Amino acid sequence: MARMTPSEAFVETLAAHGVTDVFGIVGSAYMDALDIFPAAGIRFIPTVHEQGAAHMADGYSRVSGRHGVCIAQNGPGITNFVTAIAAAYWAHSPVVAITPETGSNTIGLGGFQETDQLPIFSKITKYQGHVNLPSRIAEFTGRCFDMALAERGPTQLNIPRNYFYGDIDVDIPQPRRVELGSGGPNSLDDAARLLAESEFPVIVAGGGLIMSGGVDECVRLAEYLNAPVVNSYLHNDSFPATHPLWCGPLGYQGSKAGMKLISQADVVLALGTRLGPFGTLPQHGIDYWPKDARIIQVDSDHKMLGLVKQISVAVCGDARTASSALLERLKARERIAALQNKDDRLAEIRRQKEQWEMELGQWAQETDAWSSEVSADDPAMHPRQMLRELEKAMPDDAMVSTDIGNICSVSNSYLRFNKPNSFFAAMSFGNCGYAFPTIIGAKVAAPDRPAVAYVGDGAWAMSMGEILTCVRERIPVTAVVFNNRQWGAEKKNQVDFYSRRFVGVNLDNPSFAEIARAMGAEGVTVDRLDQVGAALEKACTDQKEGKTTIVEMMCTRELGDPFRRDALSKPVRHLEKYKNFV
Ligand SMILES: Cc1ncc(C[n+]2csc(CCOP(=O)(O)OP(=O)(O)O)c2C)c(N)n1
Ligand SMILES: [Mg+2]
């Protein structure tokens, strides 16, 4: 044991766990520890808003597989974390939120910047470590790091601010890494038997597959079975898009090819996905989920097994090693039914993919009545055409984050990746304002990769303050802002369900390119399709020179399919004064 202060023990534990970057806003609560960050080799990245800091920690962890770390002032600094930690929870990101709190010497007296910080995060963290004694600060710090990785989600390290001071005797804990197995041998046998007997197996590649580092193993398994592979919703980077067996993402604005193929499955192998309810809803008018198929679900978290869909076989294991274990078992079998009819199935895969590509290529604009009306005399770009141009110009190796909104959702069909850890959508928490700070964090972790955020104009105004972080800290990224002068995704509901009675959905924007320039970044306005690709390419190239660019895309007000057709219904009014509001 060595004698040190709790601040030193805390910082030494961060360093022992490989922390090199921490996002946050400075505060007196932890200044004694912050003071020695540089000496411990830790870069503190000051942000504009604590929500931005926590999203950055999320993006950092999503691209690197390492912890993302954020810290802030007790009270308001910490409550500013909440939305971003909830987002990280649903993205399964190992973020450690360090939350200094009111000193134990005055807690409960209603002092300055006091709020009960543990209940607030209790439902959006996998573990909460509360330092109840200064001498235990290193122990709790280490445990928060271990738990975040093992449980795949944010943890909270709550430290009464007076506990950074004093003298303690302490051992610095080393990281504990837990190796996951492939699952129980009986369940793997059952799964292999089902797969061997299947005439039309389809694999759903989920986020857990990416996190396990198992995309290559999944490719080998799919190739052995000649099985089509679909990405689970918003995990378009879970299988290489150039592979002949890749059939695109399920879910909102996903791939019709993938949907039509999975609808024919007799066995579905779900690798690292809980098959979330939103990600398997009918789309494009296709109710594609194969209700009679037998489902094998592989997940390292037993609580996800059979949670959403009824399953036939539950494998509690790591998606990577389970894929290998299944392949071994299949190779040992005499007969694989899917090998008998593989030529027919491969032809069907090609046919469905060609059809969908052709449809996408010709899908120039939305054709519903509202979209046709508003785009008729508008010289601005049709979103789909613009997204296609962006797709063509997207550099290899790019990291892309997407926000929540109509155009961002439509982009799902136009985002293809050949490498895992490339796509960072706002996941199930679905908060506007996610994409921009998240890509900033990703860029810190992977400075050599082009970093691109797709953001609607409404969500942009929420998050654009972080341009200052990019400029000040020289973290060069590209934000592509879809300026359609509206909160489009919500407006779509008022078009479809509320007879175009628009409340709170129209935006009157200043020039976002000009704002960007005033903030010290580059700003470009694009209103012609033939400028889209070049603008993206230049912005990405300029990242090498340290430049952040905001590319403002002027889009028509047309709107793609609504987000939650399942969740809305035509209004019913009983009171006389509201009788016209139907
Ligand atoms: C923090 C937050 N507030 C509100 C919403 C509800 N919401 C979902 S989509 C959306 C509209 C997004 O508009 P914009 O960013 O302009 O993109 P567009 O839909 O126009 O493409 C809103 C307000 C949300 N998801 N998150
Ligand atoms: Mg908009």
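Predicted model: local features only at pLDDT ≥ 70, side-chain atom pairs only at ≥ 80, totals over all residues.
Trainee: What makes N406 a polar contact of ligand 1?

Mentor: Set the value against the cut-off. A polar contact is a pair of N or O atoms within 3.5 Å. A backbone N or O atom of N406 lies 2.7 Å from an oxygen atom of ligand 1. That pair qualifies.

Trainee: How do you know that C432 and G458 qualify too?

Mentor: Use the cut-off again: within 3.5 Å. For C432, a backbone N or O atom is 3.0 Å from a nitrogen atom of ligand 1. For G458, a polar backbone atom is 2.8 Å from an oxygen atom of the ligand. Both pairs pass.

Trainee: How much of ligand 1 does the protein cover?

Mentor: On its own, ligand 1 has 590 Å² of accessible area, and the protein covers 79% of that.

Trainee: Which elements give two or more residues to the shell around ligand 1?

Mentor: They are α17 (406-410), α19 (457-463) and α21 (488-497). The most comes from α19, with four residues. Of the 18 residues around the ligand, N406, D457, G458, G488 and A489 come nearest.

Trainee: How does the shell divide by residue type?

Mentor: Seven residues are nonpolar, nine are polar and two are charged. Gly counts as polar here.

Trainee: Why is strand β18 called largely enclosed?

Mentor: Buried means under 20% relative accessible area. Six of the six residues of β18 (residues 478-483) are buried, so the rest of the structure largely encloses this strand.

Trainee: Which residues cover the two sides of β18?

Mentor: T478, V480 and F482 lie on one side, and A479, V481 and N483 on the other. All are buried, so both faces count as covered.

Trainee: What makes β17 and β18 a pair?

Mentor: Two strands pair if there are at least two bridges between them. Strand β17 (residues 451-456) and β18 have five, in the parallel sense. They pass. V452 stands opposite T478 in β18.

Trainee: How do you know that β18 pairs with β20?

Mentor: The count needed is at least two bridges. β18 and strand β20 (residues 549-554) have six, again parallel. One of the partners is E552 in β20, which bridges to V481.

Trainee: Where is I25, and what does I25 contact?

Mentor: I25 is in the loop between β2 (21-24) and α2 (31-34). Leaving aside neighbours within four places in sequence, the contacts of I25 include Y30, F44, V48 and I71. Contact means heavy atoms within 4.5 Å.

Trainee: How far is I25 from G441?

Mentor: They are 416 residues apart in sequence and 15 Å apart in space, C-alpha to C-alpha.

How values were computed:
Residues numbered from 1 in each chain as written. Chains lettered and ligands numbered in written order. Heavy atoms only, no water. Near = heavy atom within 4 Å. Polar contact = N/O pair within 3.5 Å; in protein donor to acceptor, adjacent residues only side chain to side chain. Areas by Shrake-Rupley, 256 points an atom, 1.4 Å probe, with all protein chains shown as cover. Buried < 20%, exposed > 50% of the residue type's maximum accessible area, 1.4 Å probe, protein only.
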